[in-house]
Amino acid sequence: MKLPSLPTLLSFNGGYVDTLGFLSLSGLFTAHVTGNFVTLGATLAHGLDGALSKLLALPMFCLVVFVSRLVCLKLQSRDRSPIRPMLVVKLLLFVGVAAYALYHGPFRAEEGAVTLAVGMALVSAMAIQNGLHKAHLSKAPPSTLMTGTTTQIMLDLADILADPKADEVVTAKARVKKMAAAVATFALGCGVGAVGYMYAPAAAFSLPAVIATVALFASSAGAES
């Protein structure tokens with residue numbers, strides 16, 4: 001049985017973790033961290049819980065991307081690929097979150113030390129994924145942010161329709177196929193994350209660790225920069 005590619009697994013986990021975190025942790029975006037500016041405003045306007053985690057998400061994300069990049073550069077200076085080592089660190093974060101969630105979950109709506117710790121751990125894991133993808137898997141579509149990917153799909157479809165005989169059409173069609181698969185996989189992850197929250201709100205935090213384990217053995221061929 002052939003495993004899904006590494007970018008496919010990352011896209012699924014991107015949608016899953018972001019959706020599950022949003023539903024379970026007072027509206028916290030763990031992968032799409034800039035969205036927390038909007039939810040922070042809504043939280044303050046409506047007097048809801050979760051303001052602290054949304055406030056800390058972006059600086060935590062930035063710090064982890066910065067530190068993980070330094071680690072990656074150090075590994076590269078020793079002629080080692082940083083992809084698998086960083087995936088292991090992300091896996092350890094997911095395992096910690098899963099254990100924490102099974103012990104403390106399901107989480108209540110109000111924010112506390114437990115939900116804050118889980119939220120920041122998930123933000124850190126997704127920061128590693130984002131940084132790793134951007135720097136070392138840049139030939140694959142983004143695994144967490146679908147706005148730019150969807151925009152490119154629409155641009156390519158318009159180009160194909162406008163001049164189907166153009167030399168660039170073959171490249172555009174291949175790009176549409178690859179990007180559409182990434183969007184569909186991300187959307188599937190979102191759907192599964194929502195189902196997990198509905199029927200197993202604590203155990204649902206275990207699936208990202210399972211996917212991250214499988215990702216250690218998945219191929220990154222064609223995606224590495």
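**Close-up views of a predicted model**

**View 1. Helix α7 and the elements that its buried residues pack against.** In this predicted model, helix α7 runs over residues 169–199, and its 31 residues reach 45 Å from the first C-alpha to the last, close to the 45 Å expected at 1.5 Å a residue. The buried residues of α7 are Val169, Ala172, Val176, Met179, Ala182, Thr185, Phe186, Gly189, Gly193 and Gly196, and these buried residues pack against α1 (6–24) and α6 (147–162).

**View 2. The largest nonpolar core, with 44 residues.** Within this core, the residues with the most contacts are Leu6, Phe94, Val118, Leu122, Val123 and Phe205. Two or more residues are given to the core by each of α1, α3 (51–77), α4 (83–104), α5 (113–136) and α8 (207–215), and the largest share, 11 residues, comes from α5.

**View 3. The surroundings of Phe94.** When its neighbours within four places in sequence are left aside, Phe94 is in contact with Asn13 and Val17, with Leu122, Ala125 and Met126, and with Phe205, Pro208, Ala209 and Ala212.

View 4. Cys62 is partly exposed, with a relative accessible area of 45%, whereas Cys72 is buried, with a relative accessible area of 5%.

Methods
Residues numbered from 1 in each chain as written. Predicted model: local features only at pLDDT ≥ 70, side-chain atom pairs only at ≥ 80, totals over all residues. Heavy atoms only, no water. Helix = DSSP H or I, 4+ residues; strand = E, 2+ residues; numbered from the N terminus. Expected span 1.5 Å × (residues − 1). Buried < 20%, exposed > 50% of the residue type's maximum accessible area, 1.4 Å probe, protein only. Contact = heavy atoms within 4.5 Å. Core = buried A, V, L, I, M, F, W, Y, C linked by side-chain atoms within 4.5 Å.
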